[in-house]
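Hello,

Here is the structure I promised to pass on. My notes on it follow below.

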Amino acid sequence: KAKNILELGCGSASLTKELNKDQQYVGIDLNTKLIKILKKRFPKYKFYNSNLEKNQLETKEKFDLILLVAFIEHLKNPDPLMINSRNLLMGKGKIVMTTPTWIGDKLNTIGAYLGLTAMSAVKDHEIIYNKRKMKALAQRNDLEIETFKYFQFGLNQLIVMGKKYK
């Protein structure tokens, strides 16, 4: 139902296949070459190259949905990004994240050493979140967790946050 969607760490922007003609999409990723390809492949949508851990988001638009899919665990200091994301949310907009659980990360690491999964993804993980760490992240950034669920047999977690209203 979201009309304006921002995907942080968009990768190949596979979500665009699921969008309808009324939805606006902005994707941001660190990979400069990938962003150039995405701009050509999906001219209807906006794409920016940015180091989200260090830079302000280039867009001044507001969004009713901000996605961080398998992304936040790659950041050493996610707080600036979370503050920035909060400021880009429309009134009742949501931040939706997925991230591996501790057990999911360990199984992924074993899989990488066996050649079954990508070693690069495992080595790039900075923080593996649990519910307590995610709650602290939300509180520090004036957000509140509305949904916290495990999926894929407890290997990953889904978190939905919104602005905290005082």
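A polar contact here is a pair of N or O atoms within 3.5 Å, one able to donate a hydrogen and the other to accept it. Keep that in mind for the lysine below. Note also that this is a predicted model.

Lysine 163 first. It lies in strand 7, residues 156–163. Lysine 163 is buried, yet it has no salt bridge. The nearest side chain of opposite charge is aspartate 142, 9.2 Å away. What does the side chain of lysine 163 reach? It reaches the backbone oxygen of leucine 89, at 3.0 Å.

Now the surface. Lys33, Lys36, Lys39 and Lys40 form a positive patch there. Lysine 33 sits in helix 1, residues 32–41. Its relative accessible area is 67%, so lysine 33 counts as exposed.

There is a nonpolar surface patch too. Its members are Trp102, Ile103, Leu107, Ile110, Leu114 and Leu116. Together they have about 700 Å² of accessible area. Tryptophan 102 belongs to helix 3, residues 102–113. With a relative accessible area of 57%, tryptophan 102 is exposed.

Last, two alanines with a positive phi. For alanine 13, phi is near 60°. Alanine 13 is in the loop between strand 1 (4–8) and strand 2 (24–29). Is alanine 13 buried or exposed? Its relative accessible area is 0%, so alanine 13 is buried. For alanine 70, phi is near 50°. Alanine 70 is in the loop between strand 4 (63–69) and helix 2 (79–88). Alanine 70 is partly exposed, at 41% relative accessibility.

Best wishes

Definitions and conventions
Residues are numbered from 1 along each chain as its sequence is written. This is a predicted model: local features need pLDDT of at least 70, side-chain atom pairs count only at pLDDT 80 or more; totals for chains, interfaces and linings use all residues. Side-chain values use heavy atoms; hydrogens and water are left out. Patches are made of residues with over 30% relative accessible area and no salt bridge: like charges are joined within 9 Å, nonpolar side chains (Val, Leu, Ile, Met, Phe, Trp, Tyr) within 5 Å. Accessible areas come from the Shrake-Rupley method with a 1.4 Å probe; for residues, only the protein chains shown count as cover. A salt bridge is a side-chain nitrogen of Lys or Arg within 4 Å of a carboxyl oxygen of Asp or Glu. Lys and Arg count as positive and Asp and Glu as negative; His and the chain ends are not counted. The place of a charge is taken as NZ of Lys, CZ of Arg, CG of Asp or CD of Glu. Helices (H or I, at least four residues) and strands (E, at least two) are DSSP runs, numbered from the N terminus. Buried means under 20% relative accessible area, exposed over 50%, partly exposed in between (1.4 Å probe, protein chains only).
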